[in-house]
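Reader: Please take one close look at a single part of this model and stay with it for a while. Then tell me how the rest is arranged around it.

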Number of protein chains: 2
Amino acid sequence: MDKSDVKVLFGRRIRELRKARGWSQEEFALHVDMDRSYVGSVERGERNISLENICLIAETLEVPPSELFENWRLAES
Amino acid sequence: MDKSDVKVLFGRRIRELRKARGWSQEEFALHVDMDRSYVGSVERGERNISLENICLIAETLEVPPSELFENWRLAES
């Protein structure tokens, strides 16, 4: 798998789970205590996010970290 | 969950899966094309490893990335 794909697939999954919670990017950014611009860039697949931030996002979305790596889709939903 | 716990739990899981493949740290480092010292520090929970490296490790261990976040144990096995 291409490295850039990994970031894009991860970002789409975050967006999907964030929307499933009914949160805007702004609301999610507040809950996770990250910049809205950072959250946006993660969702767009522009960030090589760290393990600690991955786990912080999972905790905020109230899913196990493994859930962030499930249901990766190449097609935009 | 404490941030340092996340790195320790992740590192232990990598070590477990690496051993399950029958690889020494040296062999794993060669396959994954990372420094042996880096692999050692990841296993000891000293690295806030990036998404791309997480996925590269999963690919090398021939497991889905989500598997690296399963069966996290606080106790040393």
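**A covered helix and its surroundings**

Author: In α3(B), the buried residues are B:Tyr38, B:Val39, B:Gly40, B:Ser41, B:Val42 and B:Glu43. The model is a predicted one. The helix spans residues 36-43 of chain B, and six of its eight residues are buried. That makes α3 of chain B mostly covered.

Take B:Ser41, which sits in this helix. Its relative accessibility is 4%, so B:Ser41 counts as buried; the cut-off for that word is under 20%. What does B:Ser41 touch beyond four places away in sequence? B:Glu46 and B:Arg47. With B:Arg47 there is also a polar contact, side chain to side chain, at 2.8 Å. Just after the helix, B:Gly45 takes a positive phi of about 75 degrees.

How does chain B relate to chain A? A rotation of 180 degrees, with 0.0 Å of shift along its axis, superposes chain A on chain B, and the RMSD is 0.0 Å. The two copies are therefore related as by a two-fold rotation axis. Both use the same surface: 100% of the contact residues of chain A recur in chain B.

So much for the relation between copies; next comes the fold of chain A. Its secondary structure comes to four helices and zero strands. Read from the N terminus, the order is α-α-α-α. Of the 77 residues of chain A, 48% count as buried. Take the contacts in chain A with a separation of 6 or more: 62% of them join residues 24 or more positions apart.

α4(A) is mostly covered, with eight of its 11 residues buried. These are A:Leu51, A:Glu52, A:Ile54, A:Cys55, A:Ile57, A:Ala58, A:Thr60 and A:Leu61. After α4(A) comes A:Glu62, with a positive phi near 55 degrees.

Now the interface. Here 19 residues of chain A are in contact with 19 residues of chain B. The two chains bury about 1,800 Å² between them, 64% of it on carbon and sulfur atoms. Which residues of chain A lose the most area to chain B? A:Leu51, A:Glu52 and A:Phe69, which together hold 38% of what that side buries.

The rule finds two salt bridges between chain A and chain B. One joins the side chains of B:Glu52 and A:Lys7, N to O, at 3.3 Å. There are also 12 residue pairs in polar contact across the interface. Which helices of chain A each supply at least two residues to the side that touches chain B? α1 (3-20) and α4 (51-61). The largest share, five residues, comes from α4(A). By class, this side has 10 nonpolar, three polar and six charged residues.

Back to your starting point. α3 of chain B is mostly covered. Within it, B:Ser41 is buried at 4% relative accessibility, and its side chain reaches that of B:Arg47 in a polar contact.

Notes:
Residues are numbered from 1 along each chain as its sequence is written. Chains are lettered from A and ligands numbered from 1 in the order in which they are written. This is a predicted model: local features need pLDDT of at least 70, side-chain atom pairs count only at pLDDT 80 or more; totals for chains, interfaces and linings use all residues. Side-chain values use heavy atoms; hydrogens and water are left out. Contact means heavy atoms within 4.5 Å. Buried area is the accessible area (1.4 Å probe) that two parts lose on being put together, summed over both. A salt bridge is a side-chain nitrogen of Lys or Arg within 4 Å of a carboxyl oxygen of Asp or Glu. A polar contact is a pair of N or O atoms within 3.5 Å; within protein, one must be able to donate a hydrogen and the other to accept it, and residues adjacent in sequence count only if both atoms are side-chain atoms. Ala, Val, Leu, Ile, Met, Phe, Trp, Tyr, Cys and Pro count as nonpolar, Asp, Glu, Lys and Arg as charged, and the others, Gly among them, as polar. Copies are superposed by least squares on the C-alpha atoms of residues with pLDDT of at least 70 in both. Buried means under 20% relative accessible area, exposed over 50%, partly exposed in between (1.4 Å probe, protein chains only).
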